[in-house]
Amino acid sequence: MQAKWSPHGSTILYSPAEIRALTPVRNKIVERATIQGLHDVFLCHTWDDRKGAAKELYESLKSRGVSVWFSEENVPLGSQLLKEIDKGLTKSRFGIVLVTPAFLKRVEHEGVAEKELSALLSRDLLVPVVHETTFEELREVSPLLGSRSGLSTSEEPMKEIAAKIAELATIQRQVS
C-alpha cells in the first residue's frame with residue numbers, strides 16, 4: 001500500500017508494519033523541516049560495515065538526492081570522532097541504523113554506535129534497517145532498539161529500502 005506521505009505517482013509500496021514504524025519518524029521529520037542546514041539523515045553503522053553494506057546504503061541514498069551524514073565522508077582526518085559524530089547527530093533530521101551481525105556484536109560491548117543509538121532513540125528519530133540478521137536477533141541484544149519496527153533486506157533489496165528512506169526524506173524537503 002502507499003503511505004500518506006507518498007507523492008502523487010509514487011510506485012513505492014509499504015507494508016502496514018512499515019507504515020506504522022515510519023509514520024512517527026515522518027511526523028518528527030516534518031516538525032524539523034524548517035530547521036536550516038541539516039542533513040536529511042544520519043547513517044549509524046559499525047566500523048566493520050563502512051566499506052560494505054553501509055557504503056552501499058549511503059551511495060544508494062545519495063544517488064536519490066538524500067543528504068546523508070556518513071562518517072566516512074563527514075569526519076575530517078585528524079578530528080575527534082565522537083565530537084564529529086555529536087555534530088552529525090545534531091545536524092541531521094533523522095537517523096537510520098544499519099543493523100548487521102557486526103553491529104549486534106558491537107552493541108553488546110557498548111561502542112560508538114551505542115552512543116549514537118541512544119541519542120536517536122531518545123528523540124524518536126530512528127529507523128532501523130536490518131541487514132543479514134533479524135529483528136529477533138536484534139531484540140536478544142538490544143530490546144529497546146529491537147522493539148522498534150523498521151525495514152529489512154530479507155524482505156526487499158537494499159535499493160528498495162533506500163528508495164523508501166529517500167521518499168521519507170523527500171517529503172520533508174517539500175514541506176520546508
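**Note on buried charges and aromatic pairs**

1. In this predicted model, the side chain of Glu18 makes a polar contact with the side chain of Lys164, at a distance of 2.5 Å. Glu18 belongs to helix 1, which covers residues 16-31, and with a relative accessible area of 4% Glu18 counts as buried. When neighbours within four places in sequence are left aside, the residues in contact with Glu18 are Leu13, Gly150, Leu151, Glu155, Glu156 and, again, Lys164.

2. A polar atom of the Arg93 side chain lies 3.4 Å from the backbone oxygen of Leu38.

3. Turning to the rings, the count of aromatic pairs comes to three. One of them joins Trp5 and Tyr14 in an edge-to-face arrangement, with 5.5 Å centre to centre and 70° between the planes; both Trp5 and Tyr14 are buried.

4. Phe42 and Trp69 form a stacked aromatic pair, with centres 4.7 Å apart and 10° between the planes. Because Phe42 lies in strand 1 (residues 39-44) and Trp69 in strand 2 (residues 68-69), this pair ties together parts that are 27 residues apart in sequence. Phe42 is buried, as is Trp69.

5. Finally, a charge and a ring come together at Arg50 and Trp47: the charged end of Arg50 sits over the ring of Trp47, 3.6 Å from the centre of that ring.

Key. Residues are numbered from 1 along each chain as its sequence is written. This is a predicted model: local features need pLDDT of at least 70, side-chain atom pairs count only at pLDDT 80 or more; totals for chains, interfaces and linings use all residues. Side-chain values use heavy atoms; hydrogens and water are left out. A polar contact is a pair of N or O atoms within 3.5 Å; within protein, one must be able to donate a hydrogen and the other to accept it, and residues adjacent in sequence count only if both atoms are side-chain atoms. Helices (H or I, at least four residues) and strands (E, at least two) are DSSP runs, numbered from the N terminus. Buried means under 20% relative accessible area, exposed over 50%, partly exposed in between (1.4 Å probe, protein chains only). Contact means heavy atoms within 4.5 Å. Rings of Phe, Tyr and Trp (its six-membered ring) pair if their centres lie within 6.5 Å; planes under 30 degrees apart count as stacked, over 60 as edge-to-face and the rest as tilted. A charge sits over a ring if NZ of Lys or CZ of Arg is within 6 Å of the ring centre and within 35 degrees of the ring normal.
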